[in-house]
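Open the model in your viewer and keep the selection panel at hand. The stops below go from a pair of helices to the ligand and then to some backbone details.

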Amino acid sequence: MSNPFSQDLLISEEQKELVALVKEFAETKVKPVVEQCDRDDTLPMEVYEQAMEMGLHMTVLPEEVGGMGLDHLTNCLLMEELAKVDAGFAVGCSANGLACEPIMIGGTKEQQKYFASVLQQKKFAAFCLTEPDAGSDVSAAKTKAVFDEKTNEWVINGTKCFITNGGVASIYVVFAVTEKDASSPYKAMSAFIVERDLPGVSVGKKEDKMGIRLSSTTEVIFEDVRVPADHLVGGEAARGKGFKLAMQVLDSSRPTVGSMACGIAQRCIDECVEYANTRKTFGKPIAALQSMQFKLADMEMTTQVARQYCHYAAQVQDSGIKPYSKLSSIAKCFAGDNAVRVATEAIQIFGGYGYSKEYPIEKLLRDAKIYQIFEGTNEIQRVVIAGNLLRGY
Ligand SMILES: Cc1cc2nc3c(=O)[nH]c(=O)nc-3n(C[C@H](O)[C@H](O)[C@H](O)COP(=O)(O)OP(=O)(O)OC[C@H]3O[C@@H](n4cnc5c(N)ncnc54)[C@H](O)[C@@H]3O)c2cc1C
């Protein structure tokens, strides 16, 4: 059973067709493997390959470089649909888009074509920003890239952690300090394209995660890794502009992240409506209890609002109006908090069965929690929102 109002009624026929395609794929290919992969902490590589055949790992890449050429609103619709079935699988697909963004925003035409050509071969990509001592504080990054004039190469050293697709990617975008004498740490970083098969690149610790277990999260280690000069994203003119680029990328991806969180919340609502109509206490379905109805009404209200705000932020982004960072942060933060709240309420509606692995609800809460943490924690989103407010007036 699914709620006919769970996606936007006002979307185009083309968007509806795409949503229907992804829904069918998610229901028929992803759903059957979710329980086992979540339990065993394994990746459904064959299903990922099928998703890549559909282009779901390069949704926002322009068509001229081989992507699906979708706008961000359509991407939100599709990623919500995937996340309804499994948020980890949605993250594994959308993290490729996250890795493409620095190249699409700041890369040269040649770099865009090259990066896209790798993804076209149904390969994973990963966005490597976070380090063990530099999560929220990106400017504390220690990974270094030093230019070797003799060989015209950059030499990269450092460790990145919590990297989605880290263990499966063939290509990385790596942020590293290049300007050791920069006037500010915000002007010290640059971004690089780094191939997985280069000497010195290795995958470190794999995270044994609470949720989104159908996505790979690992350390990625760079030891004297040499990349040619033309792997500096955006070329020489972009040196020292990596911090700004990383922030632009996160602004761009946050509405989609919020939409994935809405997918989890919607799934909770759908499951709860069905359960409330069948579970009986004191001779009546629990759906007859006003306490349950009020919970469902609150879950529905806040999820509808979260979804619409993610769509609004994505539409502003697609329209080219800038800056939209406050909108992106509101979308991600509200939708992430909502998913955790709704999943918690869903467990309450299911009672003891919600706490048991026999039903999907406990997994939905485990999956929801990450949406308050990655792509900037929800505390950092509030820092961005308040900063925009205070500076903007
Ligand atoms: C499953 C998963 C996937 C991820 N995927 C990627 C990826 O693909 N690429 C990538 O680069 N990174 C990725 N990350 C990293 C993620 O973005 C970071 O974990 C996140 O930004 C927080 O950094 P941290 O874990 O170091 O927490 P910390 O920065 O140490 O924060 C700890 C706590 O302090 C709070 N805090 C810190 N600074 C402030 C402040 N100024 N004001 C208010 N509160 C503050 C935080 O909100 C948090 O509650 C992923 C993480 C996870 C868990």
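In this predicted model, begin with H3 and H7, which are roughly antiparallel to each other because angles over 145 degrees count as such. Their axes cross at roughly 150° and come within 7 Å. To see the contact, select His72, Leu73 and Cys76 on H3, then Cys310, His311, Ala314, Gln315, Gln317 and Asp318 on H7. By class, these residues are 4 nonpolar, 4 polar and 1 charged.

Stay on H7, which spans residues 290–319, and select Ala313. Is Ala313 buried or exposed? Ala313 is buried, because 29 other C-beta atoms lie within 10 Å and 20 or more is enough. Beyond its neighbours within four places in sequence, Ala313 is in contact with Pro255, Tyr324, Leu327, Ser328 and Ala331. For a distance check, pick Lys31: its C-alpha atom is separated from that of Ala313 by 29 Å, and the two residues are 282 apart along the chain.

The peptide bond from Lys322 to Pro323 is cis, with omega near -5°. Most peptide bonds are trans.

Now turn to the largest nonpolar core, which has 119 residues. Select Val174, Phe192, Cys268 and Ala343, the residues with the most contacts inside this core. Helix H6 (residues 242–278) gives the core its largest share, 15 residues. Zoom in on Val174: leaving aside neighbours within four places in sequence, its contacts include Cys128, Ile156, Ala191, Phe192 and Phe222.

The ligand is the next stop. Which of the 22 residues around the ligand come nearest? They are Leu129, Gly135, Ser136, Thr377 and Glu379. Colour the shell by class and there are 12 nonpolar, 7 polar and 3 charged residues. Strand S1 (124–128), strand S3 (153–164) and helix H10 (378–392) each supply at least two residues of this shell.

Finish with two backbone angles. Select Asp41, in the loop between helix H1 (13–40) and helix H2 (45–53). Its phi is near 55°, a positive value in a residue other than glycine. Asp41 counts as exposed, because it has 12 C-beta neighbours inside 10 Å and 12 or fewer is the criterion. Then go to Lys122, in the loop between helix H5 (109–120) and S1. Lys122 is not a glycine either, and has a positive phi of about 60°. With 16 C-beta neighbours inside 10 Å, Lys122 counts as partly exposed.

Terms used:
Residues are numbered from 1 along each chain as its sequence is written. This is a predicted model: local features need pLDDT of at least 70, side-chain atom pairs count only at pLDDT 80 or more; totals for chains, interfaces and linings use all residues. Helices (H or I, at least four residues) and strands (E, at least two) are DSSP runs, numbered from the N terminus. Two residues are in contact if their C-beta atoms, placed from the backbone, lie within 7 Å. A nonpolar core is a set of buried Ala, Val, Leu, Ile, Met, Phe, Trp, Tyr and Cys residues joined through C-beta atoms within 7 Å. Axes are lines fitted to C-alpha atoms, for helices over the stretch in contact, and angles run from 0 to 180 degrees between N-to-C directions. Angles under 35 degrees count as roughly parallel, over 145 as roughly antiparallel, 65 to 115 as roughly perpendicular and the rest as oblique. Ala, Val, Leu, Ile, Met, Phe, Trp, Tyr, Cys and Pro count as nonpolar, Asp, Glu, Lys and Arg as charged, and the others, Gly among them, as polar. A residue is near a molecule or strand if its C-beta atom, placed from the backbone, lies within 6 Å of it.
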